[in-house]
Amino acid sequence: MDLVNHLEGRLLFAVPKKGRLNQAALNLLEGADIQFRRENRLDIALVKNLPIALIFLPAADIPTFVGEGQVDLGITGWDQVQEHDAGVRALFRARRFSGEITPEEESERIFKGSGCETVLDLGFGGCKLQVQVPEKGSYTSPKDLIGKNIGTSFVHLAQKYFANLELEEDTAKEGTDVPPVKFTSKLRTKIIELSGSVEAACALGVADGIVDLVESGETMKAAGLKPIDTVTESTAILIKSRKPSNLDLVDLIAARIRGVITAQQYVLCQYNVERSELLAATKIAPGKRAPTVTSLEEDGWVAVSVMVEKKKIAPIMDELSKIGATDILVLDIANTRS
Ligand SMILES: Nc1ncnc2c1ncn2[C@@H]1O[C@H](COP(=O)(O)OP(=O)(O)OP(=O)(O)O)[C@@H](O)[C@H]1O
Ligand SMILES: O=P(O)(O)OC[C@H]1O[C@H](OP(=O)(O)OP(=O)(O)O)[C@H](O)[C@@H]1O
């Protein structure tokens, strides 16, 4: 089947085709009952039970497609959206500096090109984009890297970061008040674009420092690097274009995904407690809205059912035990809807 000719009338939804966000994104789609079968090597899959087509793209390209409105919805990293926006701004700023476009055209094109709107934080893919230098080297502050070589896949965010740093340094030297941030195309720091294994750049003599993602810190440590600043923090997000083709469907998908995320983040805690301790118990575990309380056959006792954040459940169970709660059960939640 020629899938490209079956896209008419379907909401286009971009999903990371590989890498760190791929599996978690597929799990979300499954949880949201978005059913599809992806043919081997094909980057488009038609959804069977909804008028949606999934487009599998590199996470870094998704903000371009969504930002320009060719794709309605996408899952990618917040870092990638910021990198894309910084790139769009840098491109049109350079064109304005060269006199190719007017300031009005610059604003208009930036508006058109960077049209991603965040719908929802998806809570996975958490990482930091950090400035890193050799652990045993002489660089200790980001300013030490001004005028040096920086390896990164996040060229535009790195350019923006070092442009700010250079501006701060120049202003401090002049001893004047800090003026509003103004970027020029003349950066003294050299940003070297690398598409992967960025952490090897310092050891190989390609760069003096790098700007790269850090999660556990294992890669950084193994490469003998240390962080000296954070450019931005990121998690995976659901983004939409400014004018999606079917807003009701976007809302439906967002509601389903929100339900799956809540189910992943919460557990259901059930316990019995003496009615006299109910207020104390409610303070320990107030729930998402409020606990459900039902009477027990036994006089003076109630059964409580409450949603608790998964990461807080152990200390909450300890506290409930301390006030005499019994038969404390913790149950996984398959799905939710507010
Ligand atoms: N170590 C990490 N931990 C958590 N999230 C990460 C990590 N590395 C990257 N990410 C997130 O996943 C996104 C995609 O990164 P990833 O390295 O998987 O990309 P990729 O599409 O496989 O590209 P590449 O071929 O450059 O590796 C990043 O923009 C970031 O939001
Ligand atoms: O702090 P850590 O948990 O060690 O994770 C950080 C690493 O993860 C990412 O790379 P990835 O493994 O996705 O591969 P890449 O180098 O090809 O981008 C990132 O670029 C770091 O290298």
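Two residues are in contact here if their C-beta atoms, placed from the backbone, lie within 7 Å. Keep that in mind for the first view, and remember that everything below comes from a predicted model.

**View 1**
Start with helix α7, which covers residues 247-265. The strands it lies across are β1 (11-16), β4 (73-77), β5 and β11. Compare its direction with that of β5 and you get an angle of about 25°.

**View 2. Six strands line up in an open sheet.**
Read across the sheet and the order is β2-β3-β1-β4-β11-β5, with mixed pairing. The edges belong to β2 (44-46) and β5 (117-121); each has a single partner strand, so one side of each is left without a neighbour in the sheet. Going from one strand to the next, the twist averages 25°.

**View 3. Strand β5 meets its partner, β11.**
Now zoom in on β5 and strand β11 (residues 236-240), which run antiparallel and are joined by 4 bridges. For a landmark, find L120: standing opposite it in β11 is L238.

**View 4. Strand β12 pairs with both β14 and β15.**
Here you're looking at strand β12, residues 266-274, which pairs with strand β14 (residues 301-309) in the antiparallel sense, over 9 bridges. Pick out Y271 and you'll find its bridge partner in β14, V304. Strand β15 (residues 326-332) also runs antiparallel to β12, and 5 bridges join the two. In that pairing, V267 has D332 of β15 as its bridge partner.

**View 5. Ligand 1 lies between two domains.**
Domain 1 (3-124 + 236-245) and domain 2 (127-234) both give residues to the shell around ligand 1, so the ligand lies between them. There are 17 residues around ligand 1, and the ones that come nearest are G19, R20, A59, G77 and E215. Sort the shell by class and you get 5 nonpolar, 8 polar and 4 charged residues.

**View 6. Ligand 2 has a shell of 14 residues.**
Around ligand 2, the residues that come nearest are G196, E215, S216, E218 and T219. By class, the shell around ligand 2 splits into 3 nonpolar, 6 polar and 5 charged residues. Spot E215 while you're here: it is listed among the nearest residues for ligand 2, and also among those for ligand 1.

Terms used: Residues numbered from 1 in each chain as written. Chains lettered and ligands numbered in written order. Predicted model: local features only at pLDDT ≥ 70, side-chain atom pairs only at ≥ 80, totals over all residues. Near = placed C-beta within 6 Å. Nonpolar A, V, L, I, M, F, W, Y, C, P; charged D, E, K, R; others polar. Domains from an automatic or database assignment. Pairing = 2+ DSSP bridges. Axes fitted to C-alpha atoms, helices over the stretch in contact; angles between N-to-C directions.
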